[in-house]
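This report concerns the structure displayed here. Please consult the sequence and the coordinates alongside the text.

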Amino acid sequence: MKLFEKDTKAIIFGRQAIAAQGMLDFDFVSKRETPSIVCFVSPDKPGFERLFFGSKEMLFPVYKTISEAIKKHPYATVMVNFAPSRFAYQTTVDTINTENIKTIAIIAEGVPERETRALSALAKEKGKVIIGPATVGGVIAGKFKIGNAGGTTENIINSKLYRPGSVGLVTKSGGMLNEMFNMIARNADGAYEGIAIGGDRYPSSSLVDHLLRLEEIPEVKFLVMLGEVGGLEEYKVVEALKQGKIKKPLVAWVTGTCSKIFPTEVQFGHAGARAGNDEETADNKNKALKESGAIIPNSFDDLPEQIKKTCEELKSKGIIQQIEEFTPREIPMDYETLMKQGLIRKHAEFINTIADERGELSYSGVPITKIIKEKHSIGYAIGLLWLQKKLPDYASEFIELLITVFADHGPCVSGAHNTMVAARAGKDLVSSVTSGLLTMGPRYGAAQEESGRYYLWARENGLTPQESIDYARKKHIALPGFGHKVKSTKNIDWREKILIEFTKKNFSSTEYLDYCLEMEKITTKISDKFIFNIGGISGALWLDLLKSLGYTDEEVKELVEDGILTSINVLARTIGYIGHHLEQNRLKENLYRVPYDDVLYWLPDEKDL
Amino acid sequence: MAQKGIREYLAKKLLAKYIANNPSYSFTYNGKVALVRPDKSIDEIALENPWIKEKKLVVKPDMLFGKRGKHGLVLLDASFEEAKIWINERMGKEFEIGKAKGILTDLLIEPFTPHEKEYYIAIKTEEDGDRIYFSEEGGIEIEENWEKVKEYFVPVLKGIESINFQGINETIKKFIETLYKFFVEYDFTYLEINPFAIVDREVLPLDFVARLDDTALYKDSEKWGDTEFPTPFGRNFTKEEAFIRELDEKTGASLKLTILNSDGRVWLMVAGGGASVIYADTVVDLGYGNELANYGEYSGAPSEEETYLYAKTILDLMTRKKDPRGKVLIIGGGIANFTDVAKTFKGIIRALREYKDKLKENNIKIFVRRGGPNYQQGLAMMKKLGEEIGVQIEVHGPELHMTRVVKMALGGEK
């Protein structure tokens, strides 16, 4: 019975894009007319999968349920089931119970034995074939490839799997399947089909099941089997040989001959691979196979010679004839592959120099664990991410001081107000906070920016403090960073005092602060409310901080152009806005509406228009 | 990985739990059983299990080996004080059981109940169903009396109700049925009670051997409770084996190491479960079994760091003691389906570079054979490394038969 033909269509359970692309690449090089996959099933991630068939990109639907997939694609006869072990049973039962699917490959390792046996019995009842579990699947040369079996396209071409040969192969190990394909291609005319039944103790379809099936396929001229220590599978092959059910030459080897030298029981890589008693040892199985007529080498190392010999004999008898070779179609190279091999290059779309999460997270090259171990705080992290500098303690402390001072200015300022209105309109945190942040602009929250730029410009152009003041007056603009609604020389702002004292004590450069204080001496003579205000101070102090950190005037100017002056304000205010958003929600405040009496309605008369 | 033996203690506790949840009118089981370990003395256990001081006791090792009576390791009909002395004399001592030597660390205690008739029961899984063996003449002579054992077969998808237990007394019949349901619901793969007795409707499982299917953990963890799968008696792990086991448990990949002979000259580091067995086979088949140092396997796409640690462990082991004839390391593998060969080699190369001086001192030759995704790049890296560190590294791809490097490394058949 042939399970797969050149037009066999499969449904893939699980979004295994790489394995699926491998199947389609196999289809393409084998000159299949259409892809072997029709759709996918994924209960958690329905949608579409994009895959190539040659250089053509195709869209494959991903359904939520198996029944839906089968209903939409009634011609699919195969299911490749990539469900994890704990879902393998149910998904396979659901598939067995449908009409169309005849063959199911279960890839998962670790399906409980009781579940597998039940699946096997159900499949038998319904006349269906299960390959697996715990297998990579198999390849039907030139016709169909199950999942990752057969490996890379390169391997498929090297092992001539794009066209059928004369050898029917069955192995227990999925990992050895490619090796055997390679061996058969090098020592015979290639495999007709190769199935790995899986490493479990009770594989759903057994070595003998597949050998008997291959016995019936006329194109298969001889058989190769690779068994394994543990279990009694191979004795069923012995029985079949004795009963004459297997007539084609069978070259076989059972691995695990080394187990006899192990002092205690060692569990090999496969669940089924352990010899419970003498009958299950590799030596005894090899012996029994040999006695019943199989061709058994002395060691795995001699297996290729036996395959070659068998093939030559069948050729000389005219049973194996020359295969008509063709050139497989070439798969266009993947961009990633070419990049990996260094054959092509391209410019990256983005440059990033400040953070790397590919290994341990690092900021400007400093690992996060180091930052934490050395007990650095948020100011230090800001230094690394904004300036790419390891800030001295005073600098990070200053930044934190600014954040603390600017975190919130109460509910009445425009940004906080808008945040509250948005929160009360039922918007989420991000929306409320950004509505506050988006309010920041020329008239609100731009004091640092405006004043910093003004002082920078004034000093660059050599203006004396008096000239600075005069210039603003002449241009009819408010002198940036000066004047306060409430505070005055008599009612001082404590925030200003703290910041100025900190700066004088710690900064090596205070040129901008000094310049502004000189200006203040003049302005406060005009009015005691015309003081150097908090916005102006933070603008001037940012400039002094940068100078203290060793930036040249040119560099400071560039940083200002990049937006450094507003940065702290945005960061700090975000903290306050989050507070306002959370509070409005906590208080269960309802939608805000401006009361009528807060709006002056003054509409023109229609006839005046 | 599939079938795992559990302690007699746990098997009995699970049975008691099952029967408590599924009581029968025909029989009871008290589940009186306790485990003494180096960190939990009989005195401590007696506080939780008052019957220990009240009843006559049975004491025996509970470490997954049988024929304990024949090894003189079963104490019967003992008082608390007698049991205590007996345990103290044996706890922490080395014993040789068959081929295995190991330290006695786990002893089971249960009440001693005089009884007359001994029965035998075993249940095992087969491909198409479960087979039940029952005999009215159980005990140590079961094998001699095997012709009296009755067999019953429960096909997959059928229940125990399909079995006709004609000629078996009602209580025992009910017990077998319960035991079978227990076997199924708790995902056992093997269970043998030889013998068991029934005294005044109380079931006495006198000797209990059981294996669970550990892949069922995802659905049975609540039923199984705090399940432990002990390693076979005498299978004491070396520090390095324990380290690799730990590494293996932490990753989705597979990393295995068994030291066979630390003085051996032939060391294996093979990718893939199937291939690793074949490499070890070939060393044995060529007549070098006594020189094979280890069985080792890495597969399932381990990370670069994992292969580095794995390779380092093997290199460390093989460079501890010099051999005048030198040593060989075989870095083998088949043609991978999807593991990136270059990537896994990176970790190995890092370890080899670190050990370059020791490799030279120990006159170690390295033979590499591998195929699969990116194998050309991986092999080229290995080749370059050999030139760089001045160690002989022979490198082959799929054009060479997988195990031929073993022959090359060993210089032919013995």
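## Basis and overall form of chain B

The structure is a predicted model. In chain B, the secondary structure amounts to 13 helices and 19 strands. Its C-alpha atoms occupy a box of roughly 80 × 50 × 40 Å along the principal axes.

Chain B has 414 residues, of which 57% are buried. Of the contacts in chain B that link residues at least 6 apart in sequence, 69% are between residues at least 24 apart.

## The interface between chains A and B

The size of an interface is often expressed as the accessible area lost when the parts come together. Between chain A and chain B, about 4,800 Å² is buried, with carbon and sulfur atoms contributing 54%. On the side of chain A, the residues that lose the most area to chain B are Arg114(A), Arg117(A) and Asp301(A), which together make up 14% of what that side buries. The contact involves 63 residues from chain A and 61 residues from chain B.

One of the salt bridges between the chains pairs Arg114(A) with Asp130(B), whose closest N and O atoms are 3.0 Å apart. Counting pairs with both residues at pLDDT 80 or more, 28 residue pairs are in polar contact between chain A and chain B. Several elements of chain A each supply at least two residues to the side that touches chain B: helix H4 (113-125), helix H5 (153-158), helix H6 (177-187), helix H8 (233-242), strand S13 (250-255) and helix H10 (303-316). The most is given by H4(A), with 9 residues.

Asn286(A) is located in helix H9 (residues 282-291) of chain A. Its relative accessible area is 6%, so Asn286(A) falls under the 20% limit for a buried residue. Beyond its neighbours within four places in sequence, Asn286(A) contacts Trp253(A), Val254(A), Thr257(A) and Ile296(A).

In chain B, Asp248(B) belongs to helix H7 (residues 239-250). Asp248(B) is also classed as buried, because its relative accessible area of 18% is under 20%. When residues up to four places away in sequence are left out, Asp248(B) touches Ala253(B), Ser254(B), Leu255(B) and Lys256(B).

## Salt bridges within the chains

Over all chains, the whole structure contains 64 salt bridges. In chain A, Arg495(A) pairs with Asp493(A), with 3.0 Å between the closest N and O atoms. Arg495(A) is partly exposed at a relative accessible area of 25%, whereas Asp493(A) is buried at 5%. A further salt bridge joins the side chains of Lys521(A) and Glu518(A), at 3.2 Å from N to O. Both Lys521(A) and Glu518(A) belong to helix H20 (residues 511-526) of chain A, where they are 3 residues apart, about one turn of the helix. Lys521(A) is exposed, with 52% relative accessibility, and Glu518(A) is partly exposed, with 39%.

In chain B, Glu354(B) and Lys312(B) form a salt bridge through their side chains, with an N to O distance of 3.7 Å. Glu354(B) lies in helix H10 (residues 341-354) of chain B and Lys312(B) lies in helix H9 (residues 304-318) of chain B, so this pair ties together parts that are 42 residues apart in sequence. Both partners are partly exposed: Glu354(B) has a relative accessible area of 44%, and Lys312(B) has one of 29%. Elsewhere, Glu8(B), Lys12(B), Lys60(B), Arg68(B), Glu110(B) and Asp207(B) are joined into one network by salt bridges that share partners.

## A nonpolar surface patch on chain A

Met333(A), Tyr335(A), Met339(A), Leu343(A) and Ile344(A) make a nonpolar surface patch of about 460 Å². One of these residues, Leu343(A), is found in the loop between helix H11 (335-340) and strand S14 (355-356) of chain A. Leu343(A) has a relative accessible area of 57% and is therefore exposed, the cut-off for that class being over 50%.

Definitions and conventions: Residues are numbered from 1 along each chain as its sequence is written. Chains are lettered from A and ligands numbered from 1 in the order in which they are written. This is a predicted model: local features need pLDDT of at least 70, side-chain atom pairs count only at pLDDT 80 or more; totals for chains, interfaces and linings use all residues. Side-chain values use heavy atoms; hydrogens and water are left out. Patches are made of residues with over 30% relative accessible area and no salt bridge: like charges are joined within 9 Å, nonpolar side chains (Val, Leu, Ile, Met, Phe, Trp, Tyr) within 5 Å. Accessible areas come from the Shrake-Rupley method with a 1.4 Å probe; for residues, only the protein chains shown count as cover. A salt bridge is a side-chain nitrogen of Lys or Arg within 4 Å of a carboxyl oxygen of Asp or Glu. Helices (H or I, at least four residues) and strands (E, at least two) are DSSP runs, numbered from the N terminus. Buried means under 20% relative accessible area, exposed over 50%, partly exposed in between (1.4 Å probe, protein chains only). Contact means heavy atoms within 4.5 Å. Buried area is the accessible area (1.4 Å probe) that two parts lose on being put together, summed over both. A polar contact is a pair of N or O atoms within 3.5 Å; within protein, one must be able to donate a hydrogen and the other to accept it, and residues adjacent in sequence count only if both atoms are side-chain atoms.
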